[in-house]
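Subject: Structure handover and notes

Dear colleague,

I am passing the structure on to you below, followed by some notes on what was found in it. Please read them with the model open beside you.

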Amino acid sequence: GEDTNAEPTNNSVEGNQSEGETVVIGFSGPAADHGWLGAINSAATAEAEKYPDIDLRVAEGTNDANLQISQVEQFINDQVDAIVLLPTDGAALTDVAIRAMEAGIPVINVDREFSSPFAARATVLGDNYGMGVSAGTYICEQVGDQPDAVVAEIAGIDALPLTQDRSEGFKDALAGCGLEVTNRVSADFTVQGGEAAASQLLAAAPEIDALWNHDDDQGIGVLAAIDAAGRDEFIMVGGAGSANAMREIESGDSVLQATIIYPHTQAADGIRLARLLAQDKAMSDLVEIEVPNRVVLNAPVVTSENVDEYLPTAFES
Amino acid sequence: MSRSNPLGKFLGGSAGRNIGLIIALALLFIVGAVTSGERFLNLDNMLTILRYASIFGVIAIGATFVITAGGIDLSVGSVMGLTTVLATLTSVQLAATNSSWLLMVVVALAVGVGAGLINGVIIAYGNVVAFIATLAMLVAARGVAELISGRSTQIVTNRDFLSVMRSNFLGVPLLIWIFLLVAVAGWFLLNRTTFGRRTVAIGGNLEAARLAGIKVKRHIVLLYVLSGLTAGIAGIMMMGRTTAGTSTHGLLYELEVIAAVVVGGTLLIGGRGTIVGTVLGVLLFSTLINVFTQNNLDTSVQAVARGAIIVVAVLLQQRFAVRGTGRRKGAL
Amino acid sequence: MSRSNPLGKFLGGSAGRNIGLIIALALLFIVGAVTSGERFLNLDNMLTILRYASIFGVIAIGATFVITAGGIDLSVGSVMGLTTVLATLTSVQLAATNSSWLLMVVVALAVGVGAGLINGVIIAYGNVVAFIATLAMLVAARGVAELISGRSTQIVTNRDFLSVMRSNFLGVPLLIWIFLLVAVAGWFLLNRTTFGRRTVAIGGNLEAARLAGIKVKRHIVLLYVLSGLTAGIAGIMMMGRTTAGTSTHGLLYELEVIAAVVVGGTLLIGGRGTIVGTVLGVLLFSTLINVFTQNNLDTSVQAVARGAIIVVAVLLQQRFAVRGTGRRKGAL
Amino acid sequence: MTASGAPAAPPQPVQRPLLEVRNLSKSFAGVRALRGVELDVLPGEVHCVLGQNGAGKSTLIKALSGVYVPDGGEIRWNGEPVELARPADALALGIATMYQELDVVDGLSVTENIFLGHEDARGGVLRIRDGRRRTRELLALLGHDDLSPSAEVGSLSAAGKQIVSLARALSRNARLIIMDEPSAILDSGEVANLFRVIRELTGQGIAVVYISHRLEEIRQIGNRISVIKDGYSTASSLPVVETSRADLVRLMTGRDVANVFPPRKPPSSDAPVALQVEGLGLAGSFRDVSFTVRAGEIFGLAGLVGSGRSEILETVYGARRATSGTVTVEGRTLRPGSVRAAVNAGLGLSPEERKSQGLLLEEPIYRNVTLSTFARFARHGWLNERAEKAAARKQAEALQLSPPDPDRAARTLSGGNQQKVLLARWLIHGTRVLLLDEPTRGVDVGAKTEIYALIRSLAAQGVAIVVVSSEIEEVIGLADRILVLDAGRVLATGNADEMDEHAVLDLVLKGSAQ
Ligand SMILES: Nc1ncnc2c1ncn2[C@@H]1O[C@H](COP(=O)(O)OP(=O)(O)OP(=O)(O)O)[C@@H](O)[C@H]1O
Ligand SMILES: Nc1ncnc2c1ncn2[C@@H]1O[C@H](COP(=O)(O)OP(=O)(O)OP(=O)(O)O)[C@@H](O)[C@H]1O
Ligand SMILES: [Mg+2]
Ligand SMILES: [Mg+2]
C-alpha cells in the first residue's frame, strides 16, 4: 500500500495491535557475525512472531553487497508487501532499494542509511555519531578535570562507516573538554577480538584514565583482558548496551561504569513499521496519520543510577 | 567418456566430468521447484540467480586459470574492492564525466592488472609460495583501499556509467552478458590457445613445461595478471550493481571463489581445469542461496546445510569423474 | 646445515631453515625497542605477546601436522568456536559445578576430536579434497555453534575453571605453559615418533608411503583428529581468556593459522614440517601486532605494513633455507 | 633381439663436429657432478655416452639442453661457442632432448604433449586439426598408429609416455637429438622400433646422443662411444666396432665385471610354497592368473609392455583390489586390497616407478630405507633413531650404496643407487616374498651384476622372489621359472632353462596375433 492519500484504518494502539490481513515482510541483514547483529536478528524474528498476520522471510545474513542485492531482488520478484533492510553497506544497497520502492514495495531502512532519500519509505537509525558524543561527554564529565588524562578507545570494525561516525563523535565531544584519544585500537565486534585488542592496548598504555569500548559484545573480551592484567585504575564506558554490560554496571565493582545504548531493536521496530505500512496503519502515539519517514533512536548513557530502567529490555549478547 | 560426442567434448573435454555437477544442480532445481514452485522457476528469479552469479563468476573464471596452473589467488576479493575504490574516486569520476565513463572502466582494469602483476612477480621471481604472497596482497590491498577511501563508501555519480551497466540486451541484463562473454572467452583461452595449453602444462608438470622451452616464470606472472584483470572486470560490474565503491566490496570472496572452482572439477593441485565446471560450480552456489532464501531457512541452518551440500556435490562430481582417469595423485 | 650441531638439530633439523625467521623476529624486536623502548621490552609486554600467541599457537601446532602431510584444515577456527559453545552450555556448566570443572575441558576436547574425525573420514575415505571438506566443516560448524548458542555469547560461570585457567606458574600464565607444552609435545611427536615419521612420509610421497605398508587413510584421519584436538585445547584456553563461549570465537583464523605455519617453513605441498618454525611464525605475527599497537598505528596502515612484512619474512626465510636443499618443487 | 643388424658405417671423419664439449664442469652443493668432460658429436652419427650410475651423464645432457648452466668449460655448436641459459635456447639451436625422467604432462593429450612449447598455432590460437594430423604422421613414423592423438597421456603406460616423448623430440625438427636412457622402459619390440627410427634420423644427417646401460644396444646402434667416470671423460669418441665389451666395462667401472647372471641354484622341490596365487583377476586388466613360488625360488613374469605384469604384482601386493582369486602367503590367505596385510604376511614390493611410487625424494636415505620398518625401532611409538640409522647404514654398506652417507637426500642419488635403497628397504624388513618390478631399470652394468647377485643370494637364503623385467634375457637369466603373459592372459609357464629369448618372443607374438 503506497497510496499515501489513503485514510489510515486507525491509529490507536489497540487498532494497530489487532490482527490485519497477512503481510509478507522480507528481511535482509548483514551476517550475524557478532553479538549485536545476532540480537538484531533475534529481536526481529521474535517481533514478527508476536503478530500472527506477519509472514517474515529472512534471507541469509551476508557481508557481500552483491548477494544482499540479489536477496532483495528475490523479494521484489516475489512481490512481498514490505522489505526491512539492514544493508551491509548503505550506499551499495540504495539502488536496489529504489527499485523495490518503484515496484511498489515499501522499504524500511535500518541502521545503515541509504544514500538516497527515495530508497526508503521509512528509516530507523541508531545514532552512531551521537553514541560517540554521549561516550565522550560522559568521559569529559568524569575525567575532564585532568588536562592530561589518558583516554583510550577500542573501536569496532574499522572499515565500517559506522565505526568512523562513532569515533568522530567521540573525538568531537572530547575536544569539548580539551581531551583527545591517546591510544586507539580496533577490534572486530567479537569477544576474541576485544580481548586481543585490549590486552595489546593495556600493554601499550601502562596508565589509563578512561576507556571507551564501542561494543559490549567485544566488551566481554575487553573486560576479561583488563581482569587478567589486573588493571583497575581507569573508568570504562561501553557501547550497544548488552544485558551483560548492564549487570557489570549494576554490580558496582567493575571498571565498566557506563554504557551507551545503541538499540538492538531497530530491525524489530522496522518490522513493526513495515507491518503498519503494509496494512495502511499509522503510528500510535503520534497525531500524524502517517508513519514517519525517519526515526532516529536516542543514544542514552546507562550508568549505575538508571541501569534498572534499561536492564529488562537489554539484549543478552 | 566418449570423445566423439561433440556435446561431451564441449562439456570440458569429457561430459563425465561434469555430469555429477549437472545432477547436483538438477536436484537443487527440483528441490527449488517443489518447495517454491512458480516463485522459484519464473524468469525473474532465474535472472536474479544469474545476476548474482555473474560478478562472482567472472572472478572464478580468472581463478580457474591460476588454480589450473597449480597456483592460488586469495587476493581476488580484496583487489576487486580496491578497483572499485580507485575507480570511484572523486577525481576519476570527475574526469570520467568530462571525457567518457570508459575512464572508470580503464582505471578499474588497470588497478586489477597492477595488483595481479605484483602478485605474479612476487610469486614467480621472488619464489614466494602463492598462498602467502596473495594472502599478503589480500591484507595489503584492503588496507590501501581503506586508506584511499578514508573508509567511507564512495557513490558512483557518473550517470552514463550507471546507465550502461544497468542496460539490458535482448531482455537479459548486461552483467549476465559480461559473465557469458568472459566465460566463453575463458573457455576458448583455456582450451583453444597456446596460453591455455601451457597453463595446464605448468600445473600438471612444471618441470616438464620448463624443459619444453616454456617461459614458466613469465607465464605465471601472466596468470596472476589475468586473475587481477577478472577482478577488475568484476569490480566494474560491482560498481554498476551497487552504485558504490568501497573497501568492503569482495570481503571474504577468497575461499568461496576457490570452492566454486574446485567443486567445478578443477584440480587444486593443478594440471586440470574446466571452465564449464567452474560455471556450473558458481551456478550451484548461487542457486543454493536462492533456494534457501525462497524457503526462508534460518541462517544457521543454511550454514549447516551448505556445508553438507558442498561435500555431497563434490562426492557426486567425483563419483562420475574418477572413472577412466586411472590412478590419481594427491588423494589428500 | 651441519647435522652434528645439536642446537642446529633442535632448530628443526637444520638451523639454517629458521635463521631467516629469527632474523625477521630480531628486526621486529629492534623496531619495537627503538620505537617504544621500555614499554615494549618489559616483561609484562613480553607476556602479553606470548599470551596472545598461545591460543593461536596451539592451533598452529596441530595445523603443522596436517600441512606437513600435504593436507589443509580450514575449519580450525570454526571448530574452536564450536567447542567453546558446547563447553559453556548451561547444562554443561551446571554439571561441571557439581562434579568438576574438568568436565568442561572434556567436552571441549571431545567436540574438537569429533569434528576432526568427521573431517578426516570425509577426506580419507570419501576422497574429498581437504580444502573443500574442511571449508564445508568451517561453514557447518559455525552454523551448528550459532544454532546451539542461539547466537548469544555464553558467559563462563564456573569459578574453578576460570581460576585455574588464569593461574600463574613461576610467574608465567598457565596459557603460555600450555602453549609451551603443546609445542614441545608436538616437536617430539613430529620428530621422534613413528606418528611423525608417517606424517612426513605421507606428505612427501603418499603413494610410496602406501606401498611401504603405511595405513595411509587411517593416518590421515588421525591427523585431522589431532588438528581438532588442538582446536579443542585452544577452545579451552579461549574460554579461560575471554570468560565466554561463542560461535564467533575463532572467526577468520583459517588463513592466519596456515600463514603462520607456512611462514615458519612448513611446506604447503607437504613433506616437510617444522614445529620450531611454526612457533617462530606465530611469534612473528603476534609481535607484529604488538609493535603496531605500541606505535598506535592506524588499522589500514597496519594492514599494508602487515602484507609487506609477511612477504619480506618469507623472502628472508627462503634466502637462508634454500641453500643446500637444491631445487624445490611447487615454486608456484 | 629382433632389432639385430649391422651398425651403420661410421660417418666420414672429415666432417666438422656439430657439437663440441670442452672441459665441462658442474657442481651441486657439495657434489662435483662434472669435472672435465669432453664430447664431439658428428652430424649423422649415433654417439653413445656410457658411464656408471652417478657418473654424470644426465648432468652432461642437461648442460647441453640448457637445464643446468655449467660452472666451467665450453660448448661449441657448429664451431661457434654458445651459451645455453634455458631450455628454450637449446631448442632454438636445434637440440632436442628426451630426458631420463619422463617429462610429459599427464593432463594433456598426446598431441598437446608433443607440441608443448611449439604448438601449431596462429596468433596464439591452436590449429587443432593440423596438430592432430602432424601427430598422426609422427606416430605412424614411430609405428604407433594405435595411439590416439587425443588420448590423455596420463592414461598411457610408461612405455606409451616414452613414445610420446620420442615423438616430441622428433617434432622439433632438431639437428641433434639427445636420448637419456630411452630404452629403459621399452621391451625388445619397442627397442627395435626405436632403432629403426634412429637409423632413419641419422640417414637424414641428424645426430643422436644415446645413453643406455644396456651394452648390447650400444653395439647395435652406436657409431662412437664416449665414457664418463666420476664426472671425468675416461674415453672420447671410440669407434664401437673396435671396442670390446670388456674394455667398455673397464673404462666405466675401472675393473672387470664378468659373469653377469649368477649360477642358478634351484630350490629343492620339497621347499615349502611361499606364495600361491590362484585365479587372480583384475577387471579390465588381467584374469585367471595362477602360479606358485617356493621359498628360495625366483619366478619371472615375461611379456610385452602393457601386458599387465606390473598390475599383477600390485594386485598380489594388495595395492589394487583383486576382482577375483586369492593370494596365499605361507599358508595364510591375504585380505584383498590391503597392502598392510601383505606386508605383515611378509610380502615386499619394489615398485616400477622409483620416484613416484617408491622414494621420499627430499628425505634422507636412511628414512627411505626404513620406511616400512621404522616402527621396529620404536617403543610405544618412540623412535630410536640411532638404532634405525645404524641398521640402515649397515644395510646400505652391504649393498655398496654410493655415496654411503645415510643422511643425504634420496633425490641426490643416481638411479641405480635409488634402486638399491628400495631393495635395502625390504632386506631390512626380512621379507619372505619379494616382488621386484623392473629391478634393474636404469641401473649400470656394475650395479646390475651386484643386484643380480643380491637377488640370487636372497633366494639362497630362502626368500621367494617374483621378478618383472622388460629385458627378456634378464628374466630368463635370473629366474628359475617363468610365466609368459600377453594382454592379461597367461600364455605359458615353464622352467627358465628350457626357454630362450626367441621362444618367449614367439609365444608372445603368437599370443598377440590371436
Ligand atoms: N640436483 C642435484 N643435486 C645434487 N646432486 C645431484 C643433483 N643431480 C645430480 N646430482 C649428483 O650428480 C652426480 C651425477 O648424477 P647424474 O644424474 O648426472 O648421473 P647419471 O650418470 O645420469 O646416472 P644414472 O645412470 O644413474 O642416471 C651424482 O652423484 C648425483 O648424485
Ligand atoms: N594409470 C593407468 N591408467 C590407465 N591404464 C593404465 C595405467 N597404467 C597401466 N595401464 C594399462 O594397463 C595395462 C597393463 O599395464 P601394466 O603397467 O601393468 O603393464 P606392464 O606389463 O607392467 O607394462 P609396463 O612395462 O608398461 O609396466 C596396459 O594396457 C596399460 O596401458
Ligand atoms: Mg642419468
Ligand atoms: Mg610394468
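A polar contact here is a pair of N or O atoms within 3.5 Å, where within protein one must be able to donate a hydrogen and the other to accept it, and residues adjacent in sequence count only if both atoms are side-chain atoms. By that criterion, the side chain of His249(B) makes a polar contact with the side chain of Thr242(B) at 3.2 Å, and the side chain of His249(B) also reaches the backbone oxygen of Ala244(B) at 3.0 Å.

This is a predicted model, in which local features need pLDDT of at least 70, side-chain atom pairs count only at pLDDT 80 or more, and totals for chains, interfaces and linings use all residues. Residues are numbered from 1 along each chain as its sequence is written, chains are lettered from A and ligands numbered from 1 in the order in which they are written, and side-chain values use heavy atoms, with hydrogens and water left out.

His249(B) counts as buried because its relative accessibility is 2%, buried meaning under 20% relative accessible area (1.4 Å probe, protein chains only). Leaving aside neighbours within four places in sequence, the residues in contact (heavy atoms within 4.5 Å) with His249(B) include Ala65(A) and Ala92(A), as well as Met80(B) and Arg142(B).

As for the chains, five pairs touch, and the most contacts are between chains B and C, whereas chain A and chain D do not touch, their nearest C-alpha atoms being 35 Å apart.

With best wishes

Technical notes
Buried means under 20% relative accessible area, exposed over 50%, partly exposed in between (1.4 Å probe, protein chains only).
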